[in-house]
Every structure is written in structure tokens, then in C-alpha cells.
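I am opening my notebook on a structure that is new to me, and I want to record what I looked up in the order in which I looked.

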Amino acid sequence: MIYCDAHCHLGSRQFDEDREQLLETMMEKDVQKAIIICCSRHDLEHGIRLRERYPDLKLAMAIHPQDLEDDHEGERLKRFEKLIEEARPDMIGETGLDYYSHPHTREYQKQFFIRQLELAKEKDLPVDIHSRKASNDTLQILKQHHVKGIIHSYSGSIEMARLYMKEGYYISFGASILFKDVKRPIEVIRQMPLDRLLIETDAPYQSPIRDRRHEPQDVIRIYEAIAAIKQFPIEELCKAVEDNFDQVFR
Ligand SMILES: [Zn+2]
């Protein structure tokens, strides 16, 4: 029985002190597959090294929608394209739209998002999508670019999830389902088909416990919660999620 963390930032500075220890703990606890999201040079360097040592860790890289300004002459995108050639990622991500935290960069976000989807298509790579308060635009753009991948940290309705699934996407749930008064995500999970579901931490972010760093092995708690909601044995959930994880990269 193995667990997969479909979205974590293992290259983050927050893990610089004890990354080795963290990897050992992950492997010991059978969190053996993960997607390492890299949205900076620092994170990417660590991500590349980790993937060399652990072939079941997948490398994703992108320019994050929270990290944008005008791209004069498209220089930044050109540099990114070159970096893809060097790093050879398994995935483009996380890319997308964030109208919640960065409403003033909407237009740049769309440009960067579209270009990164085009690159994913050119390189035949799946994508990991970040979408906050932007689901209509996200869906419209995804519909125009036929790539497959994952909708990360999903918290929308079952109807919207179905529309994403129709475009070939997997829906990934994070620790927000562990909070006490959440009703909608639990209802959504109840209705989610097992063959489209993924689970993630977004570590070191989105910790369910305040002031505590989120870690990839914490994904087990989310698995347990989802198994309870869906009334499945955990073994069955592990098997299904692992199949989905592998399918994204096939
Ligand atoms: Zn993230």
C-alpha cells in the first residue's frame, strides 16, 4: 500500500534545513510517489536532485500566477522555455489563474497561462492547474487547449468538477477537507468518481494545524478522511489514487 502526494513543494526553502530527513520519513511511511512543484530556481534545483534519486518523484515546473508582472518582449517566457529544455520536467505546473490574491494582474495571468498550456502541448506534458476565484475563465481557456492534467486543491462544486473531468482532468483534494465546518467539499468527494480523484498536501503550505509546517507524509490523514467519507477501505483508495497518479504521466 503506497500513498501519493499529488502536489507538494519539496524544493521550498522551508525544507532546506531537513530535506533529507523529510524524504526518509516519507519513504518510511510509504508516501512514495509525489509531484514536486517548482516555481523558482531554488526549488527547481532541489527538485531536479530529488528526482534523480527517487524516480517516483515527478518534477513539475511553471511560472506561478501569483508571481507575475508585465513580461517585456516575452523575455521571461523565453527564459522559461529554455529552462524546460534543461530541466526536462514531467509536468508543467502550477500554472493558472488567481483572481483572489492577485486581481490586478488578471490579463498577464491569462497570457502566461495560455503560453504555458501551449508549451505543455508542444512538449506533450500534463499540467497542474491553480485556479482561485477564476473557474469560469480557467475552464474556458482549458477548453481551447487540449492538454490533460490535474486541478490542484479543488474546492468548487461537483458541477464544475464534472466540467473539468469532461476535459480530461483529475481533481485533487487537499487538507481543507479536514476543517470542521466544511460541507461542500465533503459532498463533492462523496459524488466524485474514484477514477478521477487525487490527493495532495501542497506542503509546506495549507497546513490544517496553525503555525505548523505541512509535510508530505501528512497526506495520509487526508487519505483517511476521504476513505471515511466514501466508506471505502483505505487499501482500495490507495490503489485507485495510485492508478490515477500513474495515469497522469502515461
Ligand atoms: Zn502549491
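Before looking at any crossing, I noted that a crossing counts as left-handed if the near helix is turned anticlockwise from the far one by less than a right angle, and as right-handed if it is turned clockwise. I also noted that this is a predicted model.

Entry on H7 and H8. I found that H7 passes H8 in a right-handed crossing, and that the contact is made by Ile186, Ile189 and Arg190 of H7 together with Ile226, Ile229 and Lys230 of H8. By class, I read 4 nonpolar, no polar and 2 charged residues in this contact. Helix H7 covers residues 184-191 and helix H8 residues 219-230, and their axes lie 9 Å apart at an angle of about 65°. Angles of 65 to 115 degrees count as roughly perpendicular, and H7 and H8 are therefore described that way.

Entry on H8 and H9. I then followed H8 to helix H9, residues 234-248, where the two axes come within 9 Å and cross at roughly 110°, so that this pair, too, is roughly perpendicular. The crossing of H8 and H9 is right-handed, with Tyr223, Glu224, Ile226 and Ala227 of H8 meeting Ile234, Leu237 and Cys238 of H9. Here I read 6 nonpolar, no polar and 1 charged residues.

Entry on the strands. I asked how many bridges join strand E4 to E5. There are 6, and the two strands, of which E4 spans residues 91-98, run parallel. Leu97 has Ser131 in E5 as its bridge partner. Strand E5, residues 127-132, is mostly covered, since 5 of its 6 residues are buried.

Key: Residues numbered from 1 in each chain as written. Predicted model: local features only at pLDDT ≥ 70, side-chain atom pairs only at ≥ 80, totals over all residues. Axes fitted to C-alpha atoms, helices over the stretch in contact; angles between N-to-C directions. Helix = DSSP H or I, 4+ residues; strand = E, 2+ residues; numbered from the N terminus. Parallel < 35°, antiparallel > 145°, perpendicular 65-115°, else oblique. Contact = placed C-beta atoms within 7 Å. Nonpolar A, V, L, I, M, F, W, Y, C, P; charged D, E, K, R; others polar. Buried ≥ 20, exposed ≤ 12 C-beta atoms within 10 Å, placed from the backbone. Pairing = 2+ DSSP bridges.
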